[in-house]
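Subject: Structure handover

Hi,

Here is the structure I said I would pass on. Please open it next to this email, and then read on for what turned up.

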Amino acid sequence: MHVTLVHVWVKSEQIEAFVAASQANAAASQQEPGNHRFDLLQDAEDPAKFILYEAYASAEAAAAHKQTPHYLTWRETVAPMMAQPRQG
């Protein structure tokens, strides 16, 4: 299994839009071959901090995720919402 944790800090005024875009990405990602889990987690103490928990069958399946239309759309949509670059 290949697991990735992506840490994201979002501009406070963009939290709602980020959640909506990320939920759409997560729902589509969960349908990918090789995906075991894809969760969007929001920090209870800092609502502008998120972690994406992505579990794939292999590193190849995780790499294939980054070529999907829903991921590419998510990446472009949320980029201006981030308070700092995401960390994987």
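**Aromatic residues**

Y71 counts as buried, because its relative accessibility is 8% and the cut-off for buried is under 20%. Keep in mind throughout that this is a predicted model.

W74 is buried too, with a relative accessible area of 4%. Y71 and W74 both sit in helix α3. They are 3 residues apart, about one turn of the helix.

How many aromatic pairs does the structure hold? There are 3. One of them joins F18 and F50. Their ring centres lie 4.8 Å apart, with 50° between the planes, and the pair is tilted. This pair links distant parts of the chain. F18 belongs to helix α1 and F50 to strand β3, 32 residues apart. Both F18 and F50 are buried.

Y71 and W74 form another tilted pair. Here the distance is 6.0 Å centre to centre, and the angle between the planes is 35°. Ring pairs link F18, F50, Y71 and W74 into a cluster.

**The nonpolar core**

The largest nonpolar core has 20 residues. Which of them have the most contacts inside it? They are V8, V10, F18, F50, W74 and V78.

The largest share comes from α1, with 5 residues.

V78 is worth a click. Leaving out residues up to four places away in sequence, V78 touches F18 and A21.

**The chain as a whole**

The chain has 3 helices and 3 strands. From the N terminus on, the order is β-α-β-β-α-α. The radius of gyration is 12 Å, close to the 12 Å that the globule rule gives for 88 residues, so the chain is as compact as a globular protein of that length.

Some totals for your notes:

- The C-alpha trace spans about 35 × 25 × 20 Å along its principal axes.
- Of the 88 residues, 35% are buried.
- Take the contacts between residues at least 6 apart in sequence: 63% of them join residues at least 24 apart.
- The chain exposes about 5100 Å², and carbon and sulfur atoms supply 53% of that area.

**Strand β2**

Look next at L40, which is in strand β2 (residues 35-42). L40 is partly exposed, with a relative accessible area of 24%. Leaving aside neighbours within four places in sequence, L40 is in contact with F18, V19, S22, Q23, F50, I51 and L52. L40 and W9 are 31 residues apart in sequence, and their C-alpha atoms are 13 Å apart in space.

Q42 is found in strand β2 as well. Its relative accessible area is 43%, so Q42 is partly exposed. Not counting residues up to four places away, Q42 touches I15, P47, K49 and F50. With P47 there is a polar contact: a polar atom of the Q42 side chain lies 2.7 Å from the backbone oxygen of P47. Q42 and L52 are 10 residues apart in sequence and 8.9 Å apart, C-alpha to C-alpha.

**The loop between α2 and α3**

T68 has its place in the loop between α2 and α3. Is T68 buried or exposed? T68 is buried, with a relative accessible area of 14%. Its side chain reaches the backbone oxygen of H65 at 2.7 Å. A polar contact of 3.2 Å also joins the side chains of T68 and H70.

**One more residue in α1**

A27 lies in helix α1. A27 is partly exposed, at 40% relative accessible area. The C-alpha atoms of A27 and L41 are separated by 14 Å, and the two residues are 14 apart along the chain.

Over to you.

Methods: Residues are numbered from 1 along each chain as its sequence is written. This is a predicted model: local features need pLDDT of at least 70, side-chain atom pairs count only at pLDDT 80 or more; totals for chains, interfaces and linings use all residues. Side-chain values use heavy atoms; hydrogens and water are left out. A nonpolar core is a set of buried Ala, Val, Leu, Ile, Met, Phe, Trp, Tyr and Cys residues joined through side-chain atoms within 4.5 Å. Buried means under 20% relative accessible area, exposed over 50%, partly exposed in between (1.4 Å probe, protein chains only). Helices (H or I, at least four residues) and strands (E, at least two) are DSSP runs, numbered from the N terminus. Contact means heavy atoms within 4.5 Å. A polar contact is a pair of N or O atoms within 3.5 Å; within protein, one must be able to donate a hydrogen and the other to accept it, and residues adjacent in sequence count only if both atoms are side-chain atoms. Rings of Phe, Tyr and Trp (its six-membered ring) pair if their centres lie within 6.5 Å; planes under 30 degrees apart count as stacked, over 60 as edge-to-face and the rest as tilted. The radius of gyration is taken over C-alpha atoms; the globule rule is 2.2 Å times the number of residues to the power 0.38. Accessible areas come from the Shrake-Rupley method with a 1.4 Å probe; for residues, only the protein chains shown count as cover.
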